[in-house]
Amino acid sequence: MIDYQDVSAAIQRERGDAVVVTAMTQGQFWKEASDRPELDIPTNNSMGKVSSIGFGIALGAPGRKVIALDGDGSLIMNLGSLISIGGKAPKNFYHVLYDNGMYAITGGQPIAGAGNIDWTGLAMASGYRAAYSFEDTEEMATEMPRILSEPGPVLIHVKVKPVITTNLGVIQTWESNAVMPAQMRSVKAALA
Ligand SMILES: Cc1ncc(C[n+]2csc(CCOP(=O)(O)OP(=O)(O)O)c2C)c(N)n1
């Protein structure tokens, strides 16, 4: 199993000027790693929508890479997005799936089918161009540069070591809800 920090570091090294859409536990780790926060969109309060928001940006800005950092529980909630993405097959879309087998930020409840879901198979059957699965840190870090320079859509399934921190992102305040639209405006300005 791979540490969240190692996935962030491997993506950060290659992200260039890609837009990165984040959520949940991986979003917190990404915040610490990102050196282009003006191009990041955290979506914590809209569970499951990372893939759809990233997909929309990828279609709207075909010249820009978009990397969506998704959670397994979140993707289950929006599984149909795989088919939308596979159907349009944007070459600039990279879908990283952090598989911890649980809903970590609500206390670590197991997701349905934990450990038995064929994520790369689901992506390929939905029309993704490629799908990879990693459990080993070195292999993931070695392969990431090549994968992120290939055309998408690509699913990068990463088995991560669970981190259960129930105070991440679930506090819904006016301020926390205002982060996403503010970052959307920031990214829109950067892409203009
Ligand atoms: C529609 C909806 N249902 C439930 C929740 C409560 N909720 C917030 S985060 C979360 C778990 C997310 O799981 P996952 O995507 O696997 O990320 P992890 O917490 O494991 O990092 C849940 C159930 C929510 N925010 N929105």
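Predicted model: local features only at pLDDT ≥ 70, side-chain atom pairs only at ≥ 80, totals over all residues.
Biologist: Why are helix 3 and helix 5 called roughly parallel to each other?

Modeller: The axes of helix 3, residues 50-60, and helix 5, residues 80-88, cross at roughly 15° and come within 10 Å. Angles under 35 degrees count as roughly parallel, and therefore helix 3 and helix 5 are given that description. The crossing in which helix 3 passes helix 5 is left-handed.

Biologist: Which residues of helix 3 and helix 5 meet?

Modeller: From helix 3 there are S51, S52, F55 and L59, and they meet S81, S84, I85 and K88 of helix 5. Sorted by kind, the residues of this contact between helix 3 and helix 5 are three nonpolar, four polar and one charged.

Biologist: How do you know that the buried residues of helix 6 line one face of the helix?

Modeller: Helix 6 spans residues 119-126, and W119, A123 and S126 are buried in it. When one looks down the axis of helix 6, its buried residues fall within an arc of 70°, so they line one face of the helix. The elements that cover these buried residues include helix 5, strand 4 (93-99), strand 7 (130-134) and strand 8 (154-159). After helix 6 comes G127, which has a positive phi, near 110°.

Biologist: Why is L39 called buried, when L39 lies in a loop?

Modeller: The loop that holds L39 runs between helix 2 (24-33) and strand 2 (40-42). A residue counts as buried if 20 or more other C-beta atoms lie within 10 Å of its own, and L39 has 22 of them within that distance, so L39 is buried.

Biologist: Which residues does L39 touch, leaving aside those up to four places away in sequence?

Modeller: L39 touches D17, V19, V20, V187 and A190. As for V50, which is 11 residues apart from L39 along the chain, the C-alpha atoms of L39 and V50 are separated by 14 Å.

Key
Residues numbered from 1 in each chain as written. Axes fitted to C-alpha atoms, helices over the stretch in contact; angles between N-to-C directions. Helix = DSSP H or I, 4+ residues; strand = E, 2+ residues; numbered from the N terminus. Parallel < 35°, antiparallel > 145°, perpendicular 65-115°, else oblique. Left-handed = near helix turned anticlockwise from the far one by under 90°. Contact = placed C-beta atoms within 7 Å. Nonpolar A, V, L, I, M, F, W, Y, C, P; charged D, E, K, R; others polar. Buried ≥ 20, exposed ≤ 12 C-beta atoms within 10 Å, placed from the backbone. Arc of directions from axis to C-beta.
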